[in-house]
Amino acid sequence: MQSDPLLANIWSQDPALGPAQQRSRDTLAQANARLGEGLTNPDLAPLQQARDLGNQAAEQAAGVKNEAARKKS
């Protein structure tokens, strides 16, 4: 949706779009790092953190998608 002509001009400036999308990507990167840590560590805590961060990133991404659809309409 970022490349949509109706949203492209405001994407980076609107905190509910560009910055929120970046937060989602950052959270997903944290989840990936915890997953890597969990695969080499016998402790389950990093895997649980990876799961939680992955869920949080998915919720953030869904929020961006919903907000973009709302602004587009």
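Analyst: Contact here means heavy atoms within 4.5 Å. Keep in mind that this is a predicted model.

User: Fine. With that cut-off, what is Q21 in contact with, leaving aside its neighbours within four places in sequence?

Analyst: Q21 is in contact with Q2, W11 and V64. Q21 itself lies in helix α1.

User: Is Q21 buried or exposed?

Analyst: Buried, because its relative accessibility is 19% and the cut-off for buried is under 20%.

User: Which residues make up the largest nonpolar core?

Analyst: That core has 6 residues in all: L7, W11, L17, A20, V64 and A68. Of the residues that V64 touches, W11, L17 and A20 are also listed in that core.

User: Let's step back. How many helices and strands are there in the protein chain?

Analyst: The protein chain has 2 helices and 0 strands. Its radius of gyration is 15 Å, well over the 11 Å that the globule rule gives for 73 residues, so the chain is more spread out than a compact globule.

User: What does the C-alpha trace span along its principal axes?

Analyst: About 50 × 15 × 15 Å.

User: How much of the chain counts as buried?

Analyst: 26% of the 73 residues. The chain exposes about 4,900 Å², and carbon and sulfur atoms supply 53% of that area.

User: Of the contacts between residues at least 6 apart in sequence, what share join residues at least 24 apart?

Analyst: That share is 52%.

User: Now the helices. What should α1 span at 1.5 Å a residue?

Analyst: With 22 residues, α1 should span 32 Å, and its end C-alpha atoms are 32 Å apart, so the two agree.

User: How far does α2 reach?

Analyst: Helix α2 covers residues 45-72, which is 28 residues, and reaches 40 Å from its first C-alpha to its last. That is close to the 40 Å expected.

User: Which residues are buried in α1, and what covers them?

Analyst: In α1 the buried residues are G18, A20, Q21, S24, T27, A31 and G38. Their cover includes α2.

User: What is T27 in contact with, beyond its sequence neighbours?

Analyst: Leaving aside neighbours within four places in sequence, T27 is in contact with L53, Q56, A57 and Q60. L53 and A57 are themselves among the buried residues of α2.

User: Change of topic, charges. How many salt bridges does a search of the whole structure find?

Analyst: The search finds 5 salt bridges. In general, side chains of opposite charge can pair when their charged atoms come close.

User: Which residues are linked in a network of salt bridges?

Analyst: D14, E67, R70 and K71 are linked that way. Within it, the side chains of E67 and R70 meet at 2.6 Å, N to O. K71 also forms a salt bridge with E67, with the closest N and O atoms 3.4 Å apart.

User: Where do E37 and R34 lie?

Analyst: Both lie in helix α1, 3 residues apart, which is about one turn of the helix. E37 counts as partly exposed at 35% relative accessibility, and R34 counts as partly exposed at 33%.

Conventions:
Residues are numbered from 1 along each chain as its sequence is written. This is a predicted model: local features need pLDDT of at least 70, side-chain atom pairs count only at pLDDT 80 or more; totals for chains, interfaces and linings use all residues. Side-chain values use heavy atoms; hydrogens and water are left out. Helices (H or I, at least four residues) and strands (E, at least two) are DSSP runs, numbered from the N terminus. The expected span of a helix is 1.5 Å times one less than its number of residues. Buried means under 20% relative accessible area, exposed over 50%, partly exposed in between (1.4 Å probe, protein chains only). A nonpolar core is a set of buried Ala, Val, Leu, Ile, Met, Phe, Trp, Tyr and Cys residues joined through side-chain atoms within 4.5 Å. The radius of gyration is taken over C-alpha atoms; the globule rule is 2.2 Å times the number of residues to the power 0.38. Accessible areas come from the Shrake-Rupley method with a 1.4 Å probe; for residues, only the protein chains shown count as cover. A salt bridge is a side-chain nitrogen of Lys or Arg within 4 Å of a carboxyl oxygen of Asp or Glu.
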